[in-house]
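Have a look at the structure, then read on.

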Amino acid sequence: LRARAAPGRTRARARMVADEAALAADLGQKVEKLQEALREQGEQHRAEIGKATEDLRDLRKLVADLEAQTARNFVVGHGSGADFFTRRVEWTITGFSAKLREKAKGESLWSPKFRAAGLDGLHLEFFPQGREKTVFDGFCSLFLWCPSGAKVRYRLWVGNFLRAPDEDEYTGRIGHGHSNFCPVAPEINRETDSIVVGVDLLEVRMQADPTSGGVRLVSTSLEALVAREVQVVQNRSVERVVWKIPRISQHLKQLPKGASMWSQLFTAAGIREILLEFYPNGSTNTTKEGFCAFYIRCPEGVSIIVSRPMLFFGNAMKSRMVVLPPKIVHKRSKPKARPPCGGAPYSKAPMRKPNCFSASSLEKPRTSKTFSCKSRLWIR
């Protein structure tokens, strides 16, 4: 009996072990299935969160675009003939440090629409980090947008940094300006965390100052326009112009070779809108290391007569150029001798000094005939 009972207990124990092993294997498979289901649910949950985050980002961008569109659709101005005398537009961008961090290179800020110089629907587009074509690090970009059909002569500026006047014709929806405008950091007002950009509309041809959105329209009265013409006459005897540039060491560091700075527009010798252009580290044509470049820019059609030393930078001088309108050059080219060629002297010839503003017995022009173009008007 004992011999027959022992094999039975062994078989029962073997079946029990097999059942336990089968149960453990079944439990293991169930655990793996649960773990796989949890992984799938986790991945699905993460995908849903990512999609929701992306949708939220798109909604925020849409709201920002709508706000920007609303700002662009809002027009600053009188909406009457008074805007014809508005020739200067100032746009103050507040909270600029945050905007500078948020905007990547190629991303711009748009001013509200404004009316000026008889034009409607004007815009300023400002790139705090520069645009794709900006080659100098730390430089910003600024563009003026005008309605199609307008031909505008204008001058853009950022802070106290002035650009030379430009003249462009708008044949479609496009902005004109400069990709490499100036270093943006020196023009930020750290006290108010803001920057002021703007445009002076000098000439426009087309087939109470309101303030809104940081844009202030500065109107120029008819009397002021007449005063500019009077200034041309008053400064016709000016033969020497001095432009003092403070903090030149900072400009040497901030402006690389090929980048220039400009003086205010001024009148002298009867010529309007003369401009001095200075390259602290030399222009692209400068071949000698450590040399600067200095130019005088005059309106189209003005003739230049070279005489004594004129262009000077510190103690260095280059040949002087007397700038004359074509009418005066043509007048002086006509001989007044009687007879014009040879013959006896004219007995009634005047004994007074010739009527030429450049004629002088002095080595240097008098102080009364010196015009000072001070940089405090345009640069800190």
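A nonpolar core is a set of buried Ala, Val, Leu, Ile, Met, Phe, Trp, Tyr and Cys residues joined through side-chain atoms within 4.5 Å; buried means under 20% relative accessible area, exposed over 50%, and partly exposed in between, with a 1.4 Å probe and protein chains only. The model is predicted, so local features need pLDDT of at least 70 and side-chain atom pairs count only at pLDDT 80 or more, while totals for chains, interfaces and linings use all residues. Residues are numbered from 1 along each chain as its sequence is written, and side-chain values use heavy atoms, leaving out hydrogens and water.

**Core**
- The largest nonpolar core holds 50 residues, and F126, L144, V158 and L201 have the most contacts inside it.
- Beyond its neighbours within four places in sequence, F126 is in contact (heavy atoms within 4.5 Å) with residues including W91, F96, C140, V158 and V197.

**Aromatic pairs**
- The whole structure has 8 aromatic pairs, counted for rings of Phe, Tyr and Trp (its six-membered ring) with centres within 6.5 Å; planes under 30 degrees apart are stacked, over 60 edge-to-face and the rest tilted.
- F127 and F143 are edge-to-face, because their ring centres are 6.0 Å apart and their planes at 80°.
- F127 is buried, and F143 is too.
- F278 and F294 also pair edge-to-face, with centres 6.2 Å apart and planes at 85°.
- F278 is buried at 2% relative accessible area, whereas F294 is partly exposed at 24%.

**Cluster**
- One aromatic cluster is formed by F161, F181 and W262.
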